[in-house]
Amino acid sequence: MSGSELIPTKLAPPLAGGSVVDRADLLGELSQGLACLLTVLVAPAGFGKTTLLAAWHAALGRQGTACGWVTLDRDDDLYLFGAYILEALAGACDGVGRRAQALIRNDPLAPAKNVVSVLINEIAEAGRPIVLILDDLDRLESAAAHEALFRLLRHGPDNLHVVVAGRSEPPLPLSHFRSRNQLLYRDADSLRFGPADSGRFLREVAGLRLDAARVDALWQATEGWITGLQLASLALGGGADTAGIEACPRGATREIAQYLTENVLATLPPRLVDFLLRLSVLDRVSPALGAAVSSFDDAAALLEELERRNLFLAHLDAARSWYRFHALFADYLRDRAQRQIPTEIPALHRRASAWLAGQRLWPEAVKHALAAGDEDAAAAWVEHSAMALIERSDLRTLRSWLGRLPPHVLHGRLRLRLAQAWCHALSLRPREAVATLHDIQDDLARGTLDTADDAALRCELLAMRAMIAGLTDDSPASLRLAGEVLAMAPAEGSWVQRMAQTAQTFGQCYADADGRRALRGADEPAPRPAGGGEPAYATVYRKSMLGLGALVEGRIFEAEQRFDHALRLAEDQAGRSSSAAALPAGYLGAIHYEWNETARADEILGERFSTAIETSPIGSLTRFCLTAARLAALRGERDEAYRTLEQAAAVARDRDWLRMLTACEGEMVRLLVEDAALARASRVVQALAGRMPATPPAPPGSFTETHCHFELARSRLLMARGAHHEAAAHLEALGRHLDERGMAYFAARAHILHALALDGGGARQAALAALAPALAYGQQNGLVRSFIDEGEGLLALLETRPAGLPGVDAGYLADLLGAGGRADGQAAAALAPLSARERDILAGLARGLSNKEIARTLQLAPETVKWHLKNVFLKLNVTSRLQAVRWARTHTPGLAPAAPR
């Protein structure tokens, strides 16, 4: 939600219309409370909480202390709550919160905890005290918003102080803060007027000349309740006496309020009372809105008269363009309106809704339309903006607005239901998206939706089906449907065209070699037209899909370059903790792990696991989890590796992602076989076999990857049981199938395991022949871990130093053996610390190439070359390019770079 869609008057305290009693003692206590993290004011309506905090807000401003203000409402959900807090802080403290706002804008899937973490860092970096006042917190009903507030408080830096005020205790574990001396708590007893305060108020503010006995009688009757004293002063000014007040029971604030309010309104002209009753439907009022709702042309003059009479009307800005009534007075007016003009109330809400919609104040327009019972109008206001919100990936705002509409209102509105389906799809909720789309198509077939069967609608429905096919891992359908959409020639740069292009790219990643050829060296589809302001996530997603195409085909270096570019863009525009960054990180971490650059892989995955689990699509998340598990196992943390895989498998089952489930449970089988837990490994394989389709899909698309993971898992179990010949037969067929489909990286892994199966069956020469294509491919693409993670059997096979392997040099074999702890000879020992990629870069240095020339030769980004050079310098214990070149020429005179990629 952009700042222009927020209600500005919620971001500043109401301004007192006249003089107020100076409460220097309480203001001093609030200032002393800045040493704590949290201040809580709890008291019934009318005890001056908002007035006190408004005075303190002004005092802090005069002192130069940054202070943000938010007035909360029942309609504020998690997203609105967060949006108002960020806007309040950004306006109060030199842009604090802007990075968090950018994260929300660029990353529609960013979890709330990530946004809070970014905000906490921004506050800490501000280097100055920051106060955040949350008024009427008791009206905030969202449990998710309460949780986000507690997270902000629990991890808040020392320079943050939060103040909350309400009629009841906030839904926060106050004992947590009290036990840590982080809480200042004040209740009604602290806020009520004492006798002296009451006398000053009646004398200086109300202008009444009362003797001490009558002042004392009023104070005792109201027990220092500030609004009661104000009502009493208004009633007495209108000719009433104190008898009725004194007759009320002690502490009976409701009875006093009713008695006094009725006396106050009795002194007003009937027309002014009528005006007040009609304004009672509004939370805030401007002269124009007041005129539209009440039909009183002189609304501006009447508001001025109410303010002059001090009738509980506070202006919300210095220009007096917006006002609101005191909560207690507003409650009374609404009750009286329900008794006196009940039949008019729906019409008043309808007028309010129409005026607010005309000002594009959509949340309030929807609220009043629903209050009027005009659900069609409410739906129309949401429908008006729905696709604009979708196109700029503002899914949070749309979910918030859709959540206010009753389900039956959505049912008859095609555009709203389409927006809801897009919202589910783009939020990675495939089940909900599929169900919504099926319902729409069923209703269209039955003719229960009022719409023309035009080409634009068919085109959009096809585009949605293409996107959902991608989400549910049906890449052939994604490719086919996207092609049908693009054949219908949707408008250039339109939403439908861009979604079809994205679905087409995913489908092409897993198509046959001809289909993937279109992705080689391709640029990502053009972003939306000028002025669109596309979120970073959409751009990163497209770049990652092109990287996936290169990865599936086995062009590892091109894939790394694309994913690295996507990651840097995501981190620059949305931040390291964003879901936009987690998307390429899953792929990139897997590549660096493959290259045995485990420190780099660990750095890339970092603290992103929880974000990836929540927000990453199937391909990225699968590789993220597999890499995280292998890194844990490499550190000796096998329990952690199992936990990672089990959590990932649970997510895959919940989302019906068979490809991810097969990959993660297949990796679990590898660990179980290593741990000799064959009974459990057998159960996993049997369960996976039961999930495999009786007839593989044709064309296979991304199911090829699923099939590969299953066959690798089944073959590992067969080999562990001694059935090497059976395993070899499965793996030979798998390798041949993957070669035919042009999926070189997966084929290499099948060939490696095929070689082990043959060697285990006593066919050493056949094993070496099966290993040859994997070694040739591995040398060209820097593969390391796919070989050495297979353990002693594979290393023993490599130690035979197979001769005559086409395209495989001794240096690469030495590199693999060194990485597996089996290196011998001076050159092998010297090169062992370096990865294949680092060895290539070192060779480029030895040839005297510049960083840019090395990058061009190896098809890397210059920044990637710089990063690798730092690692080379560290490993070789040198500090300059010249020293690195001398080291290479001294220790490895035969070192030469691999063929250009």
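Reply: Two packed helices are described by the angle between their axes and the distance between the axes. The angle runs from 0 to 180 degrees between the N-to-C directions, and an angle over 145 degrees counts as roughly antiparallel. Please bear in mind that this is a predicted model.

Me: At what angle do helix α20 and helix α21 pack?

Reply: Helix α20, residues 375–391, and helix α21, residues 395–402, pack at about 155 degrees, and their axes are 9 Å apart. Because this angle is over 145 degrees, α20 is roughly antiparallel to α21. The crossing of α20 over α21 is left-handed.

Me: Which residues make the contact between α20 and α21?

Reply: From α20 the contact takes Val382, Ser385, Ala386, Leu389 and Ile390, and from α21 it takes Leu395, Thr397, Leu398, Trp401 and Leu402.

Me: How do the axes of α29 and α31 cross, roughly parallel or roughly antiparallel?

Reply: An angle under 35 degrees counts as roughly parallel. Helix α29 (residues 536–553) and helix α31 (residues 579–594) cross at roughly 20 degrees, and their axes come within 9 Å. The angle is under 35 degrees, so α29 is roughly parallel to α31. Here, too, the crossing is described by its hand: α29 passes α31 in a left-handed crossing.

Me: Which residues of α29 and α31 meet?

Reply: On the side of α29 they are Tyr537, Val540, Tyr541, Ser544, Met545, Leu548 and Leu551; on the side of α31 they are Ser579, Ala580, Leu583, Pro584, Tyr587 and Ile591. This contact comprises 11 nonpolar and 2 polar residues, and no charged ones.

Me: Let us turn to single residues. Is threonine 644 buried or exposed?

Reply: A residue counts as buried under 20% relative accessible area, as exposed over 50%, and as partly exposed in between. Threonine 644, in helix α35 (residues 638–655), has a relative accessibility of 6% and therefore counts as buried. Apart from its neighbours within four places in sequence, threonine 644 is in contact with Phe609, Cys625, Ala628 and Ala629.

Me: What is the relative accessible area of leucine 797?

Reply: The value for leucine 797 is 0%, so this residue is buried. Leucine 797 belongs to helix α43, residues 792–798.

Me: What should I look for in loops? Where does proline 171 lie, for instance?

Reply: Proline 171 is in the loop between β4 (160–166) and α7 (174–178). Its relative accessibility is 43%, and for that reason proline 171 counts as partly exposed. Its C-alpha atom is separated by 9.4 Å from that of leucine 140, which is 31 residues away along the chain.

Me: Which residues does a cis peptide bond join?

Reply: The cis bond joins alanine 698 and proline 699, with omega at about -5 degrees. Proline 699 is in the loop between α37 (678–691) and α38 (703–720). With a relative accessibility of 53%, proline 699 counts as exposed, because this value is over 50%. Between the C-alpha atoms of proline 699 and alanine 477 the distance is 9.5 Å, and the two residues are 222 apart along the chain.

Me: How many helices and strands does the protein chain have?

Reply: The chain has 49 helices and 7 strands. Of its 901 residues, 57% count as buried. The chain exposes about 35,500 Å², and carbon and sulfur atoms supply 51% of this area. Among contacts between residues at least 6 apart in sequence, 70% join residues at least 24 apart.

Methods
Residues are numbered from 1 along each chain as its sequence is written. This is a predicted model: local features need pLDDT of at least 70, side-chain atom pairs count only at pLDDT 80 or more; totals for chains, interfaces and linings use all residues. Side-chain values use heavy atoms; hydrogens and water are left out. Helices (H or I, at least four residues) and strands (E, at least two) are DSSP runs, numbered from the N terminus. Buried means under 20% relative accessible area, exposed over 50%, partly exposed in between (1.4 Å probe, protein chains only). Contact means heavy atoms within 4.5 Å. Accessible areas come from the Shrake-Rupley method with a 1.4 Å probe; for residues, only the protein chains shown count as cover. Angles under 35 degrees count as roughly parallel, over 145 as roughly antiparallel, 65 to 115 as roughly perpendicular and the rest as oblique. A crossing is left-handed if the near helix is turned anticlockwise from the far one by less than a right angle, and right-handed if clockwise. Ala, Val, Leu, Ile, Met, Phe, Trp, Tyr, Cys and Pro count as nonpolar, Asp, Glu, Lys and Arg as charged, and the others, Gly among them, as polar.
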